[in-house]
Amino acid sequence: MTLVDTLARVEADLAAGRIPMARQRLRGLVASFPQDLSLRRRLGEVYRLYGEPAEAGRWMYLEADRDPAETYAFEERYSTPLRRMRALAWRGPESLAGTAFAAQQLAAVQKAGSDHVGRPVAWAAIPLDRNGEPEDDRNSVADRLVGAGVAVVVLGFFAIWVVGFITFARWLWP
């Protein structure tokens with residue numbers, strides 16, 4: 001399906017009130033055409049219909065007329081430069097941006113990401129963080145809690161096995 005056909009379907013979905021389908025189609029288009037600022041803008045508008053300011057801010061981040069509250073919500077949700085780089089889903093050099101403002105925004109985010117890890121960061125190879133560990137502390141805490149839960153369950157089964165073995169041994173040798 002061509003870009004024009006997909007955009008026509010997006011408009012038909014929106015007219016019919018199928019906002020989730022329109023959002024899904026636009027996400028696919030942005031993934032296929034990441035340098036097309038008009039697609040990003042349209043996706044931001046759809047997220048605005050959803051009432052999701054952080055996602056609207058994400059997709060409107062490269063627009064000069066973006067809403068400051070949405071931009072703030074985006075920057076709060078994606079709190080580090082590397083998270084913002086990944087969230088923007090840009091591919092290629094900043095020079096491919098359609099406007100000077102977008103190129104400036106992309107360069108600023110990339111510079112902040114490079115400063116964050118202490119070395120140059122390319123859009124095509126965004127690291128996890130300075131040490132190669134997951135950047136999201138909540139995920140590492142959740143992973144540790146899951147690991148601790150698994151350890152408790154394993155220790156519980158082992159304890160039951162030991163008690164069962166002792167009981168069996170006492171039955172055999174009174």
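Colleague: Why is Leu 39 called buried?

Modeller: This is a predicted model, and the value is computed from it. Leu 39 has a relative accessibility of 1%. Buried means under 20%, so Leu 39 counts as buried.

Colleague: Where does Leu 39 lie, and what does Leu 39 touch?

Modeller: Leu 39 lies in helix H3, residues 37-50. Not counting residues up to four places away in sequence, Leu 39 touches Leu 3, Leu 7, Leu 26, Leu 29, Val 30 and Phe 33. Touching here means heavy atoms within 4.5 Å.

Colleague: How far apart are Leu 39 and Val 4?

Modeller: They are 35 residues apart in sequence, and 11 Å apart in space, C-alpha to C-alpha.

Colleague: Why is Gln 105 called buried?

Modeller: The relative accessible area of Gln 105 is 13%. The cut-off is under 20%, so Gln 105 is buried. Gln 105 is in helix H7, residues 100-117. Leaving aside neighbours within four places in sequence, Gln 105 is in contact with Tyr 61, Leu 62 and Arg 66.

Colleague: Which residues of the largest nonpolar core touch the most other members?

Modeller: Of its 17 residues, these are Leu 62, Leu 88, Trp 90, Leu 106 and Trp 123. Helix H6 (81-88) and H7 each supply at least two residues of this core. Apart from it lies another core, of twelve residues, with Val 10, Leu 14, Leu 39 and Ala 56 among them.

Colleague: What is Trp 90 in contact with, beyond four places in sequence?

Modeller: The contacts of Trp 90 include Leu 62, Met 85, Leu 96, Leu 106 and Trp 123. Pro 34, Gln 35 and Arg 40 are also among them.

Definitions and conventions:
Residues are numbered from 1 along each chain as its sequence is written. This is a predicted model: local features need pLDDT of at least 70, side-chain atom pairs count only at pLDDT 80 or more; totals for chains, interfaces and linings use all residues. Side-chain values use heavy atoms; hydrogens and water are left out. Helices (H or I, at least four residues) and strands (E, at least two) are DSSP runs, numbered from the N terminus. Buried means under 20% relative accessible area, exposed over 50%, partly exposed in between (1.4 Å probe, protein chains only). A nonpolar core is a set of buried Ala, Val, Leu, Ile, Met, Phe, Trp, Tyr and Cys residues joined through side-chain atoms within 4.5 Å.
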